[in-house]
Amino acid sequence: MKLSLTKVVNGCRLGKIKNLGKTGDHTMDIPGCLLYTKTGSAPHLTHHTLHNIHGVPAMAQLTLSSLAEHHEVLTEYKEGVGKFIGMPESLLYCSLHDPVSPCPAGYVTNKSVSVWSVAGRVEMTVSKFMAIQKALQPDWFQCLSDGEVSCKEATSIKRVRKSVDRSLLFLDNCLRLQEESETLALSSRLECSGAISTQRSLLLLGSSDSPTSASRVTGTTGACCHTRLIFVFLVEMGFHSVGQAGLELLTSSDPPASASCWDYRHEPPCLVLQKSVIIGVIEGGDVMEERLRSARETAKRPVGGFLLDGFQGNPTTLEARLRLLSSVTAELPEDKPRLISGVSRPDEVLECIERGVDLFESFFPYQVTERGCALTFSFDYQPNPEETLLQQNGTQEEIKCMDQIKKIETTGCNQEITSFEINLKEKKYQEDFNPLVRGCSCYCCKNHTRAYIHHLLVTNELLAGVLLMMHNFEHYFGFFHYIREALKSDKLAQLKELIHRQAS
Amino acid sequence: MAGAATQASLESAPRIMRLVAECSRSRARAGELWLPHGTVATPVFMPVGTQATMKGITTEQLDALGCRICLGNTYHLGLRPGPELIQKANGLHGFMNWPHNLLTDSGGFQMVSLVSLSEVTEEGVRFRSPYDGNETLLSPEKSVQIQNALGSDIIMQLDDVVSSTVTGPRVEEAMYRSIRWLDRCIAAHQRPDKQNLFAIIQGGLDADLRATCLEEMTKRDVPGFAIGGLSGVCVALGCDMFDCVFPTRTARFGSALVPTGNLQLRKKVFEKDFGPIDPECTCPTCQKHSRAFLHALLHSDNTAALHHLTVHNIAYQLQLMSAVRTSIVEKRFPDFVRDFMGAMYGDPTLCPTWATDALASVGITLG
């Protein structure tokens, strides 16, 4: 995969990540977000209703907390979680935890990390973790890490230091395991394809890679990958020679037309190396020194990208942590993507983009849905004047009511209703035959009214969740599209001002 | 369930029903209902969308499954959101955005079955709303008035509902009252050109009472009739339309309908079953998902699991009816029934007696 930046303005990175996925032909825009899922499915949505949404991101987020318990099933299934969940064309990123459900602290040891599933706690050592990832076969996965520091208040420096040390140790072990399993897999595949004979003459490639660096095959993909892998195989497996067909493969730069066994672009019977990219996790709590250490050390490893962990919390804690964030991203290489966990609110998203973050989780629209609300915040920083007036009047009215209600109401998601949304349960929507957001092109707004959604919520009907989820996802994905547009045309300041006006 | 006007010959022109084919052995018929929101092929299964929604699937999904008529419940909708609001929203069609046909019931059944404090008099059914505690009277006039506001294509008379387990004079009283209430409904009906009022034949399990009721009600000029309380083999007995909450309700308990009965997908036996619910089914759920995935999803808190099953179960019922219809048109309905019962029950002796007897009464023997 390759990250290319179109421009960097005010710390914000605009660009594309190309050559993603098993077939290497997927692309992702940054800044962007990942589709939030629960047990491999967008919440409330089937394939049909998901595909009604415009702008669904190319990559979906899966959570180990919802999938680890299905390890055995997925191992027997063999074809990977993407196919199992019915999303074979989607890029997949597997995170450890579900950003919506906080996990209890005290369950990370030097040897294992626990995730919390519906069935209970699942404890994972490095080898179990990697075995699960092998069964899942995601495109990217968050490395096993110690992220507990952010769950607690006032953690000691000692504990913070431990979280960095542990996470680095987990990372090194995972990388090692991945490498080992790949060379083993490669050898068995080459054997079964008949490209190896067991003669005892050593054949070396005229490769300029030294043996030590060549053993580091994880972390990069691309056309040169297969030659480096074979070199490792030869060095590690000792005195095998490569048969005639194999030799042709090694010396040519393109996969030969006749190769029935090495054309990695088209899945041959047993030879495609489907590599999952490890995302290194930056820990360090609120201690600058540890954050920098974590960033620098993680950056030394051949990871595919970075996850900035421990920045989740409430809006006030984020403010303090934003300073750390800039320093952290400054230590990271430019050509690898930066994800952040636990940050999804529109205003917080913008703050993080300005500090060098590329990818976000999209659980905020889900939380809004669960409390019976619809996202209505405006992100069109260049609307026509008439629309602005209408929307503004509406927004101001709503903000007034919001201030009163916010103080009283807390919601099922343990979060207060934000000023980015309206609460459809309110009586005033009972006879409101307008769409959720005027001008929105989502399925819900094109087909239904606020009055109808209100009725569905009052009567506790399942369809409320379906329709709200469709609207909220589309609205949120539209927001990210506008962020990219604003960056393209140097209008981010306007967008930021617009969002902050609505964030109070 | 309902049947259409009783002219039996194919050449006559009943108001809304056009007969296409009749089984020569049983009384099964295939036809077309010509309703204000389009044609409906019969026999037809009508999914029940109680509160102006089909339980978690969108109207677009329902349309894509081929559904052309579904049900709404007057009792529920009359309370929430109420007829005035629905009228403002351009009727139930406008409120839920359903472009095809709707059938509403009178509200009487739920009244009696759901409300503990309901009292039936000649006036109507008096009850206390479970939501605001207010006392209301649902009269034949009020029921029709609400249904006029809802604007459904087929509306039902308010009938005096008596459980089929009740015996004695109450059954006869209810039968005669239902006739009187039918007349009051007809008189109160404001939109006979836009909405078809069906009568409901009563009489419990007493054949004489049923016959009397039938004779009286057919004298009234109504476009269709309903019979309460029966199901299943009724196509063979000549019924055209069936509604039931079973497929949608059972979906929400994790149960998928298949020719051999149903699959309780939450059970461990499906954990590693990588095939679809039904390899013959063409619904989106069976096209994309395995039993194993649905099993896993059912054990999560993602409601999508239920929606997948609802889609399948409705598709299953619609496909079944369509297959029934084709068999009638192709003059092989009795064989179809035998194959269906065979798949469901295996040995003919395992088939329930009431079904075997009823089928035998119209000339179809099993096994």
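**Reading helix packing and a chain interface**

Me: Which residues of α12(B) meet α13(B), and which do they meet there?

Reply: This is a predicted model, so read each feature as part of a prediction. From α12(B) come B:Y316, B:L320, B:A323, B:V324, B:S327 and B:I328. From α13(B) come B:F333, B:F336 and B:F340. Next, sort these residues by class. The contact of α12(B) with α13(B) has 8 nonpolar residues, 1 polar and no charged.

Me: At what angle do the axes of α12(B) and α13(B) cross?

Reply: They cross at roughly 145 degrees. The axes come within 7 Å. Helix α13 of chain B covers residues 333-345.

Me: Now chain A. How do the axes of α16 and α17 of chain A lie?

Reply: Start with the two stretches. Helix α16 of chain A is residues 450-458, and helix α17 of chain A is residues 463-488. Their axes come within 8 Å and cross at roughly 135 degrees. That angle makes α16(A) oblique to α17(A).

Me: Which residues make that contact of α16(A) and α17(A)?

Reply: On α16(A), look for A:Y452, A:I453, A:L456 and A:L457. On α17(A), look for A:L463, A:A464, A:L467 and A:L468. By class, this contact has 8 nonpolar residues, with no polar and no charged ones.

Me: How far apart are the axes of α11 and α12 of chain A?

Reply: They are 10 Å apart. Helix α11 of chain A spans residues 315-330, and helix α12 of chain A spans residues 346-353. They pack at about 10 degrees. Angles under 35 degrees count as roughly parallel, so α11(A) is roughly parallel to α12(A).

Me: Which residues form that contact of α11(A) and α12(A)?

Reply: α11(A) gives A:P315, A:L318, A:L322 and A:L325. α12(A) gives A:E348, A:E351 and A:C352. The classes are 5 nonpolar, no polar and 2 charged residues.

Me: On to the two chains. What area is buried between chain B and chain A?

Reply: First the general idea. Interface size is often given as the accessible area lost when the parts come together. Here, about 3,500 Å² is buried between chain B and chain A. Carbon and sulfur atoms give 62% of that area.

Me: How many residues does each chain bring to the contact?

Reply: Chain B brings 40 residues, and chain A brings 38 residues.

Me: How many salt bridges and polar contacts link chain B and chain A?

Reply: The rule finds 5 salt bridges across the interface. One salt bridge joins A:E431 to B:K88, with the closest N and O atoms 2.8 Å apart. Between chain B and chain A, 19 residue pairs are in polar contact, both residues being at pLDDT 80 or more.

Me: Which elements of chain B give two or more residues to the side that touches chain A?

Reply: They are α1 (59-64), α3 (83-88), α4 (91-96), α11 (291-298) and α12 (304-329) of chain B. By class, this side of chain B has 16 nonpolar, 15 polar and 9 charged residues.

Me: What is the phi of A:T39?

Reply: Its phi is positive, about 50 degrees, although A:T39 is not a glycine. Look for A:T39 in the loop between β4 and α1 (47-51) of chain A.

Note on methods: Residues are numbered from 1 along each chain as its sequence is written. Chains are lettered from A and ligands numbered from 1 in the order in which they are written. This is a predicted model: local features need pLDDT of at least 70, side-chain atom pairs count only at pLDDT 80 or more; totals for chains, interfaces and linings use all residues. Side-chain values use heavy atoms; hydrogens and water are left out. Contact means heavy atoms within 4.5 Å. Buried area is the accessible area (1.4 Å probe) that two parts lose on being put together, summed over both. A salt bridge is a side-chain nitrogen of Lys or Arg within 4 Å of a carboxyl oxygen of Asp or Glu. A polar contact is a pair of N or O atoms within 3.5 Å; within protein, one must be able to donate a hydrogen and the other to accept it, and residues adjacent in sequence count only if both atoms are side-chain atoms. Helices (H or I, at least four residues) and strands (E, at least two) are DSSP runs, numbered from the N terminus. Ala, Val, Leu, Ile, Met, Phe, Trp, Tyr, Cys and Pro count as nonpolar, Asp, Glu, Lys and Arg as charged, and the others, Gly among them, as polar. Axes are lines fitted to C-alpha atoms, for helices over the stretch in contact, and angles run from 0 to 180 degrees between N-to-C directions. Angles under 35 degrees count as roughly parallel, over 145 as roughly antiparallel, 65 to 115 as roughly perpendicular and the rest as oblique.
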